Amino acid sequence: MPEKFLGIDASTQSLTAVAIDCGGADVLSESVNFERDLPSYGTRAGSVSNPSNPLEVWSYPRMWLDALDLLFERLSRRMNLGEVSAIGGSGQQHASVWLSDQNAFGASDGAAKGALSERIAKFFSSEKSPIWMDASTSRECAMITSAAGGEDYVLEATGSIATERFTAAQILKMRRVNPDVYEATKRIHLNSSFICSVLCGKDMPVDLGDGAGMNLLNLRQNIWDRTMLDATAPGLEAKLPKIDAAGCATGKIAQYFRRNYGFSDGACVCAFTGDNPASLVGVGASEGSNAAISLGTSDTFFCSNNVYAPVANAHVFGNPSGGYMNLICFRNGSLAREAFKNELQVDWNFFDRESFENSVPKNDGMFAVPFYVPEISPKVAAHAPAFFGIKNPLQDKARAVRLFIEGQFMNMFIQAQRMRSKPENIVLTGGASGSDGIAQTISDIFNAPVFRLSRTHNSAALGAAMRAACVAGGINLAELENKFCSRTLFKTPKNPEVYAQKLADFKKILESLPGYGQ
């Protein structure tokens with residue numbers, strides 16, 4: 001019987017499973033939406049914010065446990081879970097789970113179906129889990145940076161500067177604002193390692209991919225960094241799980257899931273990772289010189305890299321396939337494109353097609369800095385797009401659109417270069433990935449072919465399932481990518497020499513903007 005592997009992604013809005021059958025490249029997906037399927041928790045898109053301080057955003061670990069029961073109940077109606085050889089997983093990065101006992105995970109053994117959250121919830125020292133959307137810890141970031149000796153040390157050691165959503169700042173805030181909770185806590189897990197521990201019925205490690213999103217892990221040595229621990233909270237190391245390489249087979253699935261959902265005694269669980277590292281695998285970009293560009297609310301560039309080259313305003317995580325993962329997030333993504341479209345009073349057909357069909361790239365001294373809000377990559381103070389060399393963008397709409405898109409992706413190229421990323425192939429994902437004009441512009445600027453995935457799945461859950469198949473099943477990753485990450489060539493470079501000339505001038509414009517690098 002062909003081996004089946006399961007990937008679980010605990011994202012912000014949902015808990016999703018992707019099952020792969022390596023014998024025939026079959027994929028089955030199932031999902032639980034937190035807001036729709038578990039309305040009693042009162043979340044919106046899986047999160048809750050503080051009305052008196054909207055920067056504080058959290059979710060509920062107990063809700064994630066209820067979702068796990070519901071997910072397996074739905075899956076068991078569609079497939080025989082006894083055929084699953086191994087489970088991999090991923091979770092929204094940075095989210096912390098606070099427990100009063102590191103041995104809490106065996107509490108579900110012998111419990112009836114649906115009782116998972118009831119058995120484990122009594123061990124929460126905090127019922128809330130601060131998540132990646134929380135931006136309330138600027139004070140704590142400054143405190144950690146100062147105590148660690150400065151931003152250069154934090155960046156070099158952890159791969160990122162001290163960042164509001166990262167776990168270290170959330171831990172310091174908890175210790176400062178709720179010291180009783182901190183003292184009562186014996187284990188601080190990430191979302192990913194918490195779900196992994198629940199599945200194994202015992203305390204499981206944090207992996208290098210997700211652990212790198214804490215500002216606590218020394219990525220050169222793959223250990224908790226003593227300076228960062230001391231800068232964050234006293235006695236912190238004893239409260240943290242062990243660290244393990246991504247994808248290691250860490251244990252067998254717990255009795256609760258065998259008894260209630262039919263998993264076999266031999267089904268193993270691999271160390272979970274973060275959703276971004278798992279997505280790197282799920283789009284087929286975790287090895288070689290491939291990169292992925294996600295065109296969503298924010299635009300994101302991510303790729304594998306054997307070179308450890310951290311820079312401010314970007315992030316280095318551990319790569320589940322070995323080495324490192326570079327990730328750069330741009331605030332002015334699809335929302336900025338939509339805002340400019342509305343400002344020009346044109347439709348998407350004009351924006352995506354006609355504007356590119358009616359203009360060609362030229363080294364004509366015309367540029368656009370396409371920032372409606374302060375950008376983070378690089379740090380730039382902005383509140384509206386700025387144009388250079390073009391007299392009236394509102395009258396020359398086709399050229400204005402091209403300049404706007406050029407600005408977005410010349411900036412992306414420059415920031416990727418800073419991390420020594422030179423992709424030979426690019427995979428596009430996200431809502432704007434179907435745009436011919438955008439794809440051609442990316443291909444020209446990066447001087448690389450652009451591909452689109454042939455099939456669309458939850459890339460994080462798929463990547464988790466592939467890692468389980470690779471680690472526990474011994475299946476070659478390249479074979480898995482050929483089966484599950486098939487892609488089609490979309491665009492090839494046509495005018496790379498034009499952008500090779502424009503990039504130097506655009507970089508000078510960026511560096512002259514107010515707030516650059518501050």
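How many bridges join E19 to strand E20, and do the two run parallel or antiparallel? To find out in this predicted model, select residues 324–330, which make up E20, together with 315–318, which make up E19: four bridges join the two strands, and they run antiparallel.

With that pair still highlighted, look for Val 316, whose bridge partner in E20 is Asn 326. The two strands form a hairpin with five residues between them, and in the turn you can pick out Gly 322, which has a positive phi of about 105°. Showing the side chains of E19 next, you will find His 315 and Phe 317 pointing one way and Val 316 and Gly 318 pointing the other way, with all of them buried.

Now widen the selection to the whole sheet, which is open and made of seven strands in the order E19-E20-E18-E17-E25-E26-E27, with mixed pairing. Strand E19 and strand E27 (487–491) stand at the edges, and because each has a single partner strand, one side of each is left without a neighbour in the sheet. As you follow the order across, the twist averages 30° from one strand to the next.

Within the sheet, select residues 290–295 for strand E17 and residues 425–429 for strand E25, which pair in the parallel sense over five bridges. Here Ala 292 stands opposite Val 427 in E25.

The next stop is helix H16, residues 436–446, which packs on the sheet and touches E17, strand E18 (299–305), E25, strand E26 (450–453) and E27, its direction making about 85° with that of E27. This helix is mostly covered, with 10 of its 11 residues buried, among them Gly 437, Gln 440, Ser 443 and Asp 444. Just after H16, select Asn 447, which takes a positive phi of about 50°.

To see where they meet, show Arg 402, Ile 405, Glu 406, Phe 409, Met 410, Met 412, Phe 413 and Ala 416 in H15 alongside Ile 438, Thr 441, Ile 442, Ile 445 and Phe 446 in H16. If you colour this contact by residue class, you will find 10 nonpolar residues, one polar residue and two charged residues.

Notes
Residues are numbered from 1 along each chain as its sequence is written. This is a predicted model: local features need pLDDT of at least 70, side-chain atom pairs count only at pLDDT 80 or more; totals for chains, interfaces and linings use all residues. Side-chain values use heavy atoms; hydrogens and water are left out. Axes are lines fitted to C-alpha atoms, for helices over the stretch in contact, and angles run from 0 to 180 degrees between N-to-C directions. Contact means heavy atoms within 4.5 Å. Ala, Val, Leu, Ile, Met, Phe, Trp, Tyr, Cys and Pro count as nonpolar, Asp, Glu, Lys and Arg as charged, and the others, Gly among them, as polar. Buried means under 20% relative accessible area, exposed over 50%, partly exposed in between (1.4 Å probe, protein chains only). Two strands pair if DSSP finds at least two bridges between them.
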